[in-house]
Amino acid sequence: MRYMDDTAVMKRMTKRITFNKVWKTLFFLATMFALVTLAILLYRIVTQGIDYLNIDFLTNFASRFADKAGIKAALIGSLWLMAVVAPVSIILGVGTAIYLEEYAKKNRINDFIRMNISNLAGVPSIVFGLLGLTIFVRMMGLGKSILAAGLTMSLLILPVIIVAAQEAIRAVPNEQREASYGMGATKWQTILRVVLPAAIPGILTGSILALSRAIGETAPLVVIGIPVILQFLPNGLLSQFTALPMQIYDWAKRPQEAFQYVASAGILVLMTVLLLMNSIAIYIRNKFQKRY
Amino acid sequence: MKKWKYLTMTAVMGSALMLGACGSDSAQNGNNAETNAPASSGQEAADEKLQGTVAGDGSSTVAPIIEAVVEEYAGTQPDVKVSVGVSGTGGGFEKFIAGETDFSNASRNIKDEEKTKLEEAGIDFTELAIAYDGLSVVVNPENDWAKDLTVEQLQKIWIEDGTEKKWSDIDPSWPDEKIVYYSPGTDSGTYDYFDEVILDGADLVSAATLSEDDNMLVQGVSGDKNAIGFFGYAYYLENKDKLNIVKVNGVEPTNETIEGGEYTPLSRPLFTYVKNSAMKDNEAAYDFIKFTLENAGDMAEAVGYVSLPEEKYTEGLKTLEGLK
């Protein structure tokens with residue numbers, strides 16, 4: 001007596017196996033689509049820009065001659081910008097997250113605040129540019145300075161940092177807090193010595209990714225109207241400056257074809273900075289995660 | 001162990017913020033001191049080392065010329081900090097009206113409403129021409145019919161009349177194909193100038209693709225047989241092999257026809273508008289604008305524009321001297 005009809009089983013199985021294969025291929029193609037796009041983009045930019053990428057490119061100011069043009073002012077300007085954005089946004093962001101997660105009571109007002117922070121994260125960057133132009137540049141009279149642009153950028157990435165920090169703080173098990181209280185620690189001691197150390201990898205990763213966004217963001221800078229043509233380095237927070245994405249945008253608009261290549265070289269510099277920042281984020285995450 | 005880490009972190013960030021606050025004060029004082037100090041009246045400004053800051057903004061068409069001038073100027077006066085934004089003619093005037101800039105570059109004349117706003121803001125200004133540009137009308141290289149257009153034909157092509165236009169509507173002997181339009185964005189002085197001399201206040205065809213990036217227009221026209229577009233002369237010059245130039249009323253834009261004024265009505269002067277008070281009080285700003293007028297001709301030619309006749313620059317320099 002036979003328990004199974006082999007042919008019938010095989011017939012149904014082949015159908016299922018093909019079905020499975022089709023879906024697998026589809027999902028694989030979906031993944032590859034993004035990767036291939038990235039690869040093509042990288043290939044194009046590298047082949048176009050690599051010839052212009054050398055030490056002179058990093059140490060020269062912008063020039064009307066494509067082969068003399070350099071990115072010094074923009075690179076240093078972007079670093080200055082980050083020097084403002086990083087402390088302002090991280091202090092404010094982590095502070096807000098600690099308040100919302102550890103101190104704030106669950107009531108309507110706090111729910112409203114939480115909801116709006118998430119909403120803010122979705123506001124287009126150009127809107128933050130308009131806000132910065134009105135408040136920092138004009139009302140506070142900071143002008144088109146590093147400080148004004150930095151504060152605007154801080155506002156832009158603040159919601160992202162708050163949400164990331166909130167998630168990280170929420171992920172700390174409640175038992176750890178209770179154990180801390182049980183040992184007689186105060187709330188602040190608990191936050192400082194138990195919650196924050198456990199949450200720091202998540203907070204820093206989120207913050208650095210948010211900073212990477214800020215360094216590549218153009219729209220708010222365009223709205224604020226920071227200059228592109230300048231031949232000096234900033235010497236203080238109220239100094240005029242230009243930033244990497246602005247300089248790249250300006251080159252890409254030039255009529256001379258050679259400037260398209262210079263723009264590609266600029267993109268390579270920006271991407272290197274971005275990759276460095278992201279690697280730091282990964283390094284920090286791995287290093288701290290091992291400890292807890 | 002953990003504790004001091006956070007303490008140092010807080011301390012570092014705190015001090016960064018504090019430093020920021022202090023830095024801003026000194027920078028402000030510094031600026032004032034710099035701009036006020038060297039107020040000597042010497043004409044041979046090039047010999048003395050000036051200090052100060054000069055801020056400008058405006059047209060992206062003028063930007064390549066100004067960039068070249070700024071680059072040269074940094075060689076003669078390294079301590080004068082000139083910064084120029086590229087917000088477009090309209091955007092530049094907005095900042096000029098807000099009092100944020102000492103000069104504003106424009107690829108068209110100032111509009112009446114902008115004048116009124118400047119008056120309200122109490123800002124006196126002076127117009128200085130720095131170069132010529134020939135607004136170039138271009139078509140695809142495969143386009144073998146539209147080689148010479150009259151102003152009337154241009155109007156017929158570019159003015160919105162509610163219908164979908166074909167080349168055969170302009171001239172019956174031309175192909176029965178839809179016209180594809182590429183135009184600079186409405187915030188650009190190039191658009192405004194075209195609006196003034198060709199459209200004469202009428203609406204631009206709504207089918208037109210607008211872009212603030214002239215390279216996009218070049219790509220658009222070079223990629224479609226039935227396309228037509230217009231932009232600054234420099235963009236045509238750099239992309240000669242991908243585009244066909246259209247003669248307007250029988251005249252092709254060249255350095256000679258643009259400078260000689262034969263290429264009408266599409267040759268236009270490029271300007272910089274200077275704030276009179278800045279010329280008077282800010283030695284560095286005065287010196288930079290003077291340098292601009294002295295060198296704009298050569299720089300314009302170097303980046304693909306056309307220089308003004310020599311006497312125009314002399315005239316401009318005289319006007320500028322009067323402001324001091």
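## Helices H3 and H4 of chain B

In this predicted model, the crossing of H3(B) and H4(B) is left-handed. Residues 88-97 of chain B form helix H3 and residues 112-120 of chain B form helix H4; the two pack at an angle of about 15°, with 9 Å between their axes. Because angles under 35 degrees count as roughly parallel, H3(B) and H4(B) are roughly parallel to each other.

On the H3(B) side, the contact is made by Gly90(B), Phe93(B), Phe96(B) and Ile97(B), and on the H4(B) side by Glu114(B), Lys117(B) and Leu118(B). Sorted by class, the contact of H3(B) with H4(B) has four nonpolar, one polar and two charged residues.

## Helix H11 of chain A and its two partners

H1(A) and H11(A) cross at roughly 115°, and their axes come within 7 Å. The crossing of H1(A) past H11(A) is left-handed. H1(A) contributes Leu42(A), Ile45(A), Val46(A), Gln48(A) and Gly49(A) to the contact, while H11(A) contributes Gln260(A), Tyr261(A), Ser264(A), Ala265(A), Ile267(A), Leu268(A) and Met271(A). The contact of H1(A) with H11(A) divides into eight nonpolar, four polar and no charged residues.

H10(A) also packs on H11(A), at an angle of about 160° and with the axes 8 Å apart. Since angles over 145 degrees count as roughly antiparallel, H10(A) and H11(A) are roughly antiparallel to each other. H10(A) passes H11(A) in a left-handed crossing. The residues in contact are Leu244(A), Ile248(A), Trp251(A) and Ala252(A) of H10(A), with Phe259(A), Gln260(A), Val262(A), Ala263(A), Gly266(A), Ile267(A), Val269(A), Leu270(A) and Val273(A) of H11(A). By class, the contact of H10(A) with H11(A) has eleven nonpolar, two polar and no charged residues. Gln260(A) and Ile267(A) of H11(A) take part in the contact with H1(A) and in the contact with H10(A).

## The second largest pocket

The volume of the second largest pocket is about 600 Å³. It is lined by 25 residues, of which Arg44(A), Gln48(A), Ala252(A), Gln260(A) and Gln219(B) are the closest to its centre. Gln48(A) and Gln260(A) also belong to the contact of H1(A) with H11(A), and Ala252(A) belongs to the contact of H10(A) with H11(A).

Four helices each supply at least two residues of the lining of the second largest pocket: H1 (6-49), H10 (244-252) and H11 (257-289) of chain A, and H8 (214-222) of chain B. H11(A) gives the most, with six residues. The lining of the second largest pocket divides into eleven nonpolar, seven polar and seven charged residues.

## Cavities

A search of the whole structure finds four cavities of 30 Å³ or more. The largest cavity holds about 100 Å³ of space. Among the 13 residues that line the largest cavity, Lys253(A), Arg254(A), Ser60(B), Thr61(B) and Tyr235(B) are the closest to its centre. The lining of the largest cavity divides into five nonpolar, two polar and six charged residues.

The second largest cavity has a volume of about 80 Å³. Its lining has 14 residues, and those closest to its centre are Ser60(B), Thr61(B), Ser188(B), Thr190(B) and Asp214(B). H3 and helix H7 (189-199) of chain B are the elements that give two or more residues to the lining of the second largest cavity. By class, the lining of the second largest cavity has one nonpolar, eleven polar and two charged residues. Ser60(B) and Thr61(B) are listed among the closest residues to the centre of the largest cavity and to that of the second largest cavity.

## Backbone exceptions in chain B

Most residues other than glycine have a negative phi, and most peptide bonds are trans. Asp200(B) is not a glycine, yet has a positive phi of about 55°. Asp200(B) lies in the loop between H7 and strand S8 (209-211) of chain B.

The peptide bond that joins Thr264(B) and Pro265(B) is cis, with omega about -5°. Pro265(B) is found in the loop between helix H10 (255-260) and strand S12 (267-275) of chain B.

Terms used:
Residues are numbered from 1 along each chain as its sequence is written. Chains are lettered from A and ligands numbered from 1 in the order in which they are written. This is a predicted model: local features need pLDDT of at least 70, side-chain atom pairs count only at pLDDT 80 or more; totals for chains, interfaces and linings use all residues. Side-chain values use heavy atoms; hydrogens and water are left out. Axes are lines fitted to C-alpha atoms, for helices over the stretch in contact, and angles run from 0 to 180 degrees between N-to-C directions. Angles under 35 degrees count as roughly parallel, over 145 as roughly antiparallel, 65 to 115 as roughly perpendicular and the rest as oblique. A crossing is left-handed if the near helix is turned anticlockwise from the far one by less than a right angle, and right-handed if clockwise. Contact means heavy atoms within 4.5 Å. Ala, Val, Leu, Ile, Met, Phe, Trp, Tyr, Cys and Pro count as nonpolar, Asp, Glu, Lys and Arg as charged, and the others, Gly among them, as polar. On a 1 Å grid over the protein atoms alone, a cavity is a set of points where a 1.4 Å probe fits but cannot get out, and a pocket is an open set with protein on both sides within 12 Å along at least five of seven lines; lining residues have an atom within 4 Å of a point. Grid points are joined across faces, edges and corners, and a volume is the space filled by probe spheres set on the points.
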